[in-house]
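Work through the exercises below with the model open. Try each task before you read its solution.

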Amino acid sequence: MQETRKTTKLPSNMALVAAGLAAIVLALVAACGGAGPTPTGTQVGQQPTPTTTPSGSQSTIRLNGAGATFPFPLYSRWFDEYARVAKTQVNYQSIGSGGGIRQVTEGTVDFGASDGIMTNDQQAKAEQAHGPILHIPMTMGAVAVVYNLQGIGAGQVKLTPDVLADIYLKKITRWSDSRIAQLNPGLNLSNQDIAVVHRSDGSGTTFIFTNYLSKVSQEWKEKVGNATAVNWPGDIGGQGNEGVAGQVRQIPGTIGYVELAYATQNNMAWAALQNASSKFVEPSLQATSKAALGVPLPDDMKVMITNSTNPEAYSIAGFTWLLVYRNQTDCTKGKALVDVLWWAIHDGQQYAPSLQYAPLPDDAVRKAEAQIRSVTCNGQPLLGR
Amino acid sequence: MARAPHPQEVHAPVWWWRARFRRPASPGDWVFQTIALLAALSLVGLLVAMTLYLLNAAWPAVTRFGLGFLTSSTWDPVQEVFGALPAVYGTLLTSAIAMLVAIPVSLGVAIFLAELAPPWLRAPASFLVEMLAAIPSVVLGLWGLFVMVPVIRDPVERWLGSSLGFLPLFQGPPFGVGFLAGGLILAIMALPIITAVARDTLAAVPSSQREAMLALGATRWEAISRAVLPYARSGIVAAGILGLGRALGETMAVTMVIGNGYQVTARLFAPGNTMASKIATEFNEASGDLYIGSLVELALVLFAITLMVNVVGRLLVRWTVAKARVGGQ
């Protein structure tokens, strides 16, 4: 058997070698013959173009940023609009807040973006290599608590902070639970299991949501805590806002949390949440902006405004930030960057409401201005105003 | 099994080396051999480099958690405590469900295509089965989420829960997404691979086998079950191993239907997770050496399990071949 196989194999081996060699020869011939004249032709044709573009300060400056997915629709609109008024092209990759923080730490981008505040460890690590890192607020968003209950629409279910926390802690497991019924006397809630849906990927939305739960529930703070990804006590994970929304829409009796913009665009039923002033408030852009009013904002703007004491505020709201190196190393790029930032917190804000983001309140704009003014290159402030 | 090895096999590497390299050959042969050898070595090198890279990135988690990583069920990014057990369990459980469903079905399809189908149906049916393998997993996942999962929730899980609910397997609320859905989507993905390979092995069984059996007065079923299937046994086992390999590593479709819980439970309706989907969903946003290290260590564990499955598969194929040979003599 083996002998015969050997003899039959030999010719086929040689045939393979021959075929391979033939292919190589053919390829070489093709490369020499076919590719020869074409590049010279294109070179001649392209010559006029490069001579015109690098003419002094008029050339387009390219900035690279990466981070949070939540503000991406707004950012891409901004950078698109900005490219029309200035010779600055901003390339923003929505790789997620965690990714944004990582890229800033590694210095591979001109700026980062995050929905969460950098932890002390993260900040220390990044600042060791690149100097101080600023959190400049850009816009505000809210997280809506959405549910799937037959015949019950938006704003009809009222929840208090402790009930919401206990649902997510899996201590309240049925919609007919007396604590939910007490808050919603007019609603006919069935004896359905509550299926809790959360984000399975790390996310700034989760950061804001768990930040809120940690503020209103001691047990949540101790057992689970506040981060972009946590050890969820229960049930189903969905990837991205669309994943969570998909699960909530499909499975009867679910409760989940998604960005307000996402909930609005998809007509999802959301809960009215009792805020710190004991008023039940539905998520909206106004209620989101209100969350930043009446709260003392620190100069570095590293503040979570969840559970705001403003009586008209929606409780699960937050800023989203760009992460910017205070000491810029490339003065041309640095100047372009501070100009973009200045434009974004002023002119850019008009684009926010139509895309379901809440504009920054005046106080936050002032604080952001001060931060942008503090950006320097070789010790000189970059912003000329 | 207890077959005495042929002397040539014992000295195989030495013999092989001498035959290929020591014997002076024409320069063309030598060049070709060297190129082929380099290609082969680069593959080994790539494997080693990958393992080393994974080990290096996983090192913070390896040193912190040690073997406890494999036995702990906690995955807490806040406290930075990570354990792989639920993910390992999820991978093995969903793959087991997939094999349990896919192997009988695809064997049936393969037998039909190779033995029973009328000739005009053979080609289009085989083509359709292979088309199934060409569907991108994210598309299959979407289909799973929007079409399969609602059906699984009601009537499948509702019915299983009410009629077989005394078994721990079928207890708990029917979410639709969960281990069962993950296993079934994997079965669909493994099915075309197993079918295609099994059909080819069945088609390669010499007609003399069937004819001899039929000439002895056997029925069609007897010919298939006693002559064709035993002859093709090693190929069928290999087909199963290939399918299992696909099931173990599949990420996207599973992520979309498995529910992304994190628990070790016998309840098939419960949301779970697999190693591959855990890595895929969390890697982007993971921060900190320990968190990233734990995800990479998960990849390393998956790597090891896949390797183990392949080795066991090889042994199984070799064993079935040896058994067939002993039986034949």
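## Exercises on a predicted model

**Exercise 1.** Describe the contact between chain A and chain B.

Solution. This is a predicted model. Start with the totals: 31 residues of chain A are in contact with 25 residues of chain B. Next, find the elements on the chain A side. α5 (97-106), β7 (236-238) and α11 (240-250) of chain A each supply at least two residues there. Last, sort the chain A residues that touch chain B by type. Ten are nonpolar, 17 are polar and four are charged.

**Exercise 2.** State what the secondary structure of chain A comes to, and what share of its residues is buried.

Solution. Take the elements first: chain A has 15 helices and 14 strands. Now turn to burial. Chain A has 385 residues, and 45% of them are buried. A residue counts as buried if 20 or more other C-beta atoms lie within 10 Å of its own. Finally, look at contacts in chain A with a separation of 6 or more: 71% of them join residues 24 or more positions apart.

**Exercise 3.** Which residues have the most contacts inside the largest nonpolar core?

Solution. The core has 178 residues. Those with the most contacts inside it are A144(A), V145(A), V146(A), A190(B) and V257(B). Next, ask where the largest share comes from: helix α8 (residues 179-203) of chain B supplies 16 residues. Then follow A144(A). Leaving aside neighbours within four places in sequence, A144(A) is in contact with Y257(A), V258(A), L260(A), A263(A), W270(A) and P283(A).

Notes: Residues are numbered from 1 along each chain as its sequence is written. Chains are lettered from A and ligands numbered from 1 in the order in which they are written. This is a predicted model: local features need pLDDT of at least 70, side-chain atom pairs count only at pLDDT 80 or more; totals for chains, interfaces and linings use all residues. Two residues are in contact if their C-beta atoms, placed from the backbone, lie within 7 Å. Helices (H or I, at least four residues) and strands (E, at least two) are DSSP runs, numbered from the N terminus. Ala, Val, Leu, Ile, Met, Phe, Trp, Tyr, Cys and Pro count as nonpolar, Asp, Glu, Lys and Arg as charged, and the others, Gly among them, as polar. A residue is buried if 20 or more other C-beta atoms lie within 10 Å of its own, exposed if 12 or fewer, and partly exposed in between; C-beta atoms are placed from the backbone. A nonpolar core is a set of buried Ala, Val, Leu, Ile, Met, Phe, Trp, Tyr and Cys residues joined through C-beta atoms within 7 Å.
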